[in-house]
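Visitor: I have a model open and some time to go through it. Can we start with the strands and then move on?

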Amino acid sequence: FLVGGGSTAGSMGDPHTTLVTLFLLLFCAYGVCDDLSFADEPATAVYEWQLLNFTFPNADAARAYMENKHYTSCMPAGVKVASTGDVFVTVPRWKANVPATLNKLVAQDNEILLQPFPSWAMNAVGDSNALQSVLGLEIDQRDRLWVLDQGKVAGKEAAEGTIKLLVFDLRKGGELIRKHVFAREIASPVSSFLNDLVVDTDHEFVFITDSGINVNDGEPTRGGLLVYDFSNDESWRVLHDLPETNDDPDVWVKINDELVFPTKRMRTGADGIALSPDLETLYWCPLTARKLYKIPTSVLRDKSVVADDVRRAVVLMGSKGMASDGLGCASDGTLYMTDLEANRVCSYNPTTPLTPDVVQTVASNADMIWPDTLALDNRGRVYFVTNQLHHFVQDELDFETPGVVNFRIWMKEIPGLRAYTYPMQDNLDCPKDEQPSASPSLGSTAAALISIGAATLSGLVGFMLGLYYVRRRHGAVLLENVY
């Protein structure tokens with residue numbers, strides 16, 4: 001059907017019609033395969049653990065970790081995926097005996113282990129220059145890894161110089177290129193809880209949520225936002241201890257008909273954070289709340305703006321109808337949010353008024369208990385951690401019964417998805433995409449088949465163009481000899 005009927009010399013048919021037909025076939029192949037592969041594809045658990053294990057430097061350290069059950073102190077929280085496909089995972093030191101707080105996933109002896117990044121020494125407890133307790137991290141399109149160190153270990157007050165922001169250059173083997181220590185008045189060693197961050201690579205600014213969780217039980221939340229000016233190595237605090245950055249006293253988070261911390265209400269302030277792709281709008285939400293806020297980043301970048309004017313610039317977008325931990329913005333402006341209370345990840349178009357009815361489900365599963373951090377890449381994938389945080393904190397996880405899965409990293413394929421750090425057009429500063437380290441899913445297999453089909457059809461187009469050129473230049477007799 002590609003070349004039509006008739007004599008041998010005329011079997012090419014009308015070359016213009018043939019080429020149009022081929023291009024239409026190519027277009028339809030993309031559309032049909034895309035619909036079949038991605039339309040209803042569920043999220044896939046690409047990594048699963050009952051307990052976390054590490055690439056210990058020697059057998060004695062590995063044995064002590066297992067024998068002393070130090071794995072009961074380890075929970076994955078943050079996740080980000082580099083352009084190379086390397087997956088970085090944080091394990092905050094909210095409990096004692098966490099071997100390493102910043103890690104890269106590696107495969108070893110048919111097991112996925114956590115390899116301390118950039119080294120064991122850089123994860124040493126008690127060294128103010130090393131990483132003490134990391135929750136939030138980000139990777140920009142220049143492959144710079146931005147890491148927030150909460151400084152607090154096992155719920156104790158942070159030591160001097162430990163609450164900091166570190167930047168590693170992944171293109172230079174993880175070289176440390178910046179360390180910024182936050183002053184006590186910016187991030188309190190007692191009441192600060194640096195949670196998550198976003199990076200504006202055009203203006204070289206970082207925006208950070210501080211959940212304001214006090215080390216002293218019973219103290220109120222004192223949340224806020226931090227702003228870091230990379231060019232001038234300077235930071236400041238805004239929206240300190242306000243309803244917009246504190247927990248909502250009327251909200252008690254509930255998961256699977258179970259109150260989170262049934263004897264005392266969880267109180268967590270500013271938590272999830274996202275940056276619009278045009279870098280002009282910052283979104284955030286307290287965890288113990290159901291509201292979403294935004295503010296122009298131009299206000300935050302200007303240190304001279306007084307506190308009252310900063311607050312006046314805040315816009316309450318509405319109610320999400322759910323408590324969220326992680327937020328993330330795509331390059332098309334879509335906002336992605338975790339829904340702790342319904343075991344799902346959602347999306348929302350921030351150009352429309354926010355009500356619970358306009359929030360769309362992206363991924364949902366009964367096993368998605370406490371979806372935490374989101375990681376959007378530039379290959380059409382969103383990753384997120386589920387870690388049963390409330391059960392972990394209360395020592396309720398089962399680390400002993402064979403077959404139990406406590407922690408997962410999920411991946412959902414969304415055609416055309418790119419993180420806010422990547423513009424819609426090709427970014428010349430971004431290295432060539434590679435297959436991520438995560439296990440391949442049905443979607444990635446389908447994508448490969450699409451690529452093969454597209455290449456085959458493209459080859460046919462090229463072949464037909466060549467034949468058309470031969471016919472025009474040398475006549476139909478040559479074509480008879482070809483066939």
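Visitor: What is the strand order in the open sheet of 4 strands?
Guide: This is a predicted model. In it, the order is β1-β26-β25-β24, and the pairing is antiparallel.

Visitor: Which strands stand at the edges?
Guide: β1 (44-49) and β24 (371-376). Each has a single partner strand, so one side of each lacks a neighbour in the sheet.

Visitor: By how many degrees are neighbouring strands of this sheet turned against each other?
Guide: On average by 20 degrees, with direction ignored.

Visitor: Now β25 and β26. How many bridges join them?
Guide: There are 6 bridges between β25 (residues 381-386) and β26 (residues 407-413), and the two run antiparallel.

Visitor: Change of topic. How much space lies in the largest pocket?
Guide: About 970 Å³. The lining has 35 residues, and the closest to the centre are Phe193, Ile213, Asn214, Phe261 and Val393.

Visitor: Which helix gives the largest share of that lining?
Guide: Helix α5 (residues 389-393), with 3 residues.

Visitor: And how do the lining residues divide into nonpolar, polar and charged?
Guide: The lining has 13 nonpolar, 11 polar and 11 charged residues.

Visitor: Last one, α2. What caps its N-terminal end?
Guide: Asn58 caps helix α2 (residues 59-67), with a side-chain oxygen 3.2 Å from the backbone nitrogen of Asp60.

Visitor: What about just after α2?
Guide: Lys69 takes a positive phi there, about 55 degrees.

How values were computed:
Residues numbered from 1 in each chain as written. Predicted model: local features only at pLDDT ≥ 70, side-chain atom pairs only at ≥ 80, totals over all residues. Heavy atoms only, no water. Pairing = 2+ DSSP bridges. Axes fitted to C-alpha atoms, helices over the stretch in contact; angles between N-to-C directions. 1 Å grid on protein atoms, 1.4 Å probe; cavity = no way out; pocket = protein on both sides within 12 Å on 5 of 7 lines; lining within 4 Å. Points joined across faces, edges and corners; volume = space filled by probe spheres on them. Nonpolar A, V, L, I, M, F, W, Y, C, P; charged D, E, K, R; others polar. Polar contact = N/O pair within 3.5 Å; in protein donor to acceptor, adjacent residues only side chain to side chain.
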